[in-house]
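Subject: Structure for your review

Dear colleague,

Please find below the structure I am handing over to you, shown with its sequence. My notes on what was found in it follow directly after.

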Amino acid sequence: MLHRKIYQLCCDGREVCVFLRDQQRWIERARIIDIEGDLVTLRYETDEEDEVSSWEEMVRLESIGSVTQKLASVSRGNVEPLMTEDCPESERIRNRFTDLNPD
C-alpha cells in the first residue's frame, strides 16, 4: 500500500514531508524523484547559516514511517480573501470581525 502511494506522489511531483523511522528525523519539502525496487530517491534543500544546500538521498522503503503533504495554506494576515460576485450567499465567507461588531 505504501509503495503504491509513494509511486503516486512521485508521478504527481508534489512536495512531501517524509519521516525516517530508523533515523528518527523528518525530511521536509522533499520531492520523490524515483522508485527502484525498495529504494526511494528524495530531493530536498536545507537552509543553514546563509547557505542553501541541495540534497539527493536514497532511502529504503521500509525505513519510511510516514509521508505527509500540504493540501492548502491560508495567510494569517488581515487580508480579505478574493470572492467572485456569482458565488452563492450560502457559500460566501463572512468576515468574523464584522459579524462580532454589528455597529
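What percentage of the 103 residues in the protein chain do buried residues make up? The share of buried residues is 20%. Please bear in mind that this is a predicted model, and that the values in this message are computed from it.

**Overall fold**

The protein chain contains 2 helices and 5 strands. Followed along the sequence, these elements give the pattern α-β-β-β-β-β-α. The accessible surface of the protein chain amounts to about 8,800 Å², and carbon and sulfur atoms account for 48% of that surface. As for contacts in the protein chain between residues at least 6 apart in sequence, 38% of them join residues at least 24 apart.

The 5 strands of the open sheet are arranged in the order S4-S3-S2-S1-S5, and their pairing is antiparallel. Its edges are formed by strand S4 (51-60) and strand S5 (64-68), each of which pairs on one side only. On average, neighbouring strands of this sheet are turned by 40° against each other, direction ignored. Helix H1, made up of residues 2-12, packs on the sheet and touches strand S1 (15-20), S2, S3 and S5. The direction of H1 makes about 90° with that of S2.

Strand S2 (residues 25-36) and strand S3 (residues 39-48) run antiparallel and are joined by 5 bridges.

**The loop between S4 and S5**

Ser63 is found in the loop between S4 and S5. Is Ser63 buried or exposed? Ser63 counts as buried because its relative accessibility is 8%, and the cut-off for buried is under 20%. Apart from its neighbours within four places in sequence, Ser63 is in contact with Phe19, Leu20, Arg21 and Asp22.

**The second largest pocket**

The second largest pocket has a volume of about 340 Å³. There are 13 residues lining this pocket, and those closest to its centre are Glu28, Arg29, Tyr44, Glu45 and Thr46. S2 and S3 are the elements that give two or more residues to the lining. S2 supplies the largest share of the lining, with 6 residues.

With kind regards

Notes. Residues are numbered from 1 along each chain as its sequence is written. This is a predicted model: local features need pLDDT of at least 70, side-chain atom pairs count only at pLDDT 80 or more; totals for chains, interfaces and linings use all residues. Side-chain values use heavy atoms; hydrogens and water are left out. Two strands pair if DSSP finds at least two bridges between them. Helices (H or I, at least four residues) and strands (E, at least two) are DSSP runs, numbered from the N terminus. Axes are lines fitted to C-alpha atoms, for helices over the stretch in contact, and angles run from 0 to 180 degrees between N-to-C directions. Contact means heavy atoms within 4.5 Å. Buried means under 20% relative accessible area, exposed over 50%, partly exposed in between (1.4 Å probe, protein chains only). Accessible areas come from the Shrake-Rupley method with a 1.4 Å probe; for residues, only the protein chains shown count as cover. On a 1 Å grid over the protein atoms alone, a cavity is a set of points where a 1.4 Å probe fits but cannot get out, and a pocket is an open set with protein on both sides within 12 Å along at least five of seven lines; lining residues have an atom within 4 Å of a point. Grid points are joined across faces, edges and corners, and a volume is the space filled by probe spheres set on the points.
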